[in-house]
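Please have the sequence and the model in view while reading.

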Amino acid sequence: MTRTDKKVRYLPKGKHAQYTRETAAEGVENALKLLEGRWKLIILFHLFGGAVMRFSDLERAIPAVSQKMLIQQLRQMEGDGIVRRIVHHRVPPKVEYCLTEWGQALCPALDALLTWAAQREDMTQYDGSADT
């Protein structure tokens, strides 16, 4: 089996890729594809901060999501390397979920998104310029 860590090269810390308008748009599109899905961001917020949650805990924390959809979203994020699935082999089986280091690195970006969204609310309170 071929190891991918030898094939994939990352830029050294401190060196960022030079984006053009086209490559930046493509990069954002690819990033958003990883997060698309109605429940993924909600699942992420429950797992931020190093939280380890059992499947049933996630179900209770997000009551509006169906079991099937929760499983699908978790599997997709696991496949993308955002979520880690930990299986404890015992009876009854115990499955826990947590974020990978890469998944946890999303926290500042999503925090910035929340701050950005809050600015819109602040702007509408002061000048009424945004449509509601």
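## A leucine at the surface

L114 is partly exposed, with a relative accessible area of 48%, where buried means under 20% relative accessible area, exposed over 50% and partly exposed in between (1.4 Å probe, protein chains only). L114 belongs to helix 6, which covers residues 107–127.

Together with L41 and F45, L114 forms a nonpolar patch on the surface, and the accessible area of these residues together is about 250 Å².

## Basis of the model

This is a predicted model, in which local features need pLDDT of at least 70 and side-chain atom pairs count only at pLDDT 80 or more, while totals for chains, interfaces and linings use all residues. Residues are numbered from 1 along each chain as its sequence is written, and side-chain values use heavy atoms, with hydrogens and water left out.

## The aromatic pair

The count of aromatic pairs comes to one, taking rings of Phe, Tyr and Trp (its six-membered ring) as paired if their centres lie within 6.5 Å, with planes under 30 degrees apart called stacked, over 60 edge-to-face and the rest tilted. F45 and F48 form this edge-to-face pair, at 5.5 Å centre to centre and with 85° between the planes.

F45 is partly exposed, with a relative accessible area of 39%, whereas F48 is buried, at 12%.

## The chain as a whole

The protein chain has six helices and three strands, these being DSSP runs numbered from the N terminus (helices H or I, at least four residues; strands E, at least two). Of its 132 residues, 20% are buried.

Technical notes. Patch = residues over 30% accessible without salt bridge, like charges linked within 9 Å, V, L, I, M, F, W, Y side chains within 5 Å. Areas by Shrake-Rupley, 256 points an atom, 1.4 Å probe, with all protein chains shown as cover. Salt bridge = Lys/Arg side-chain N within 4 Å of Asp/Glu carboxyl O.
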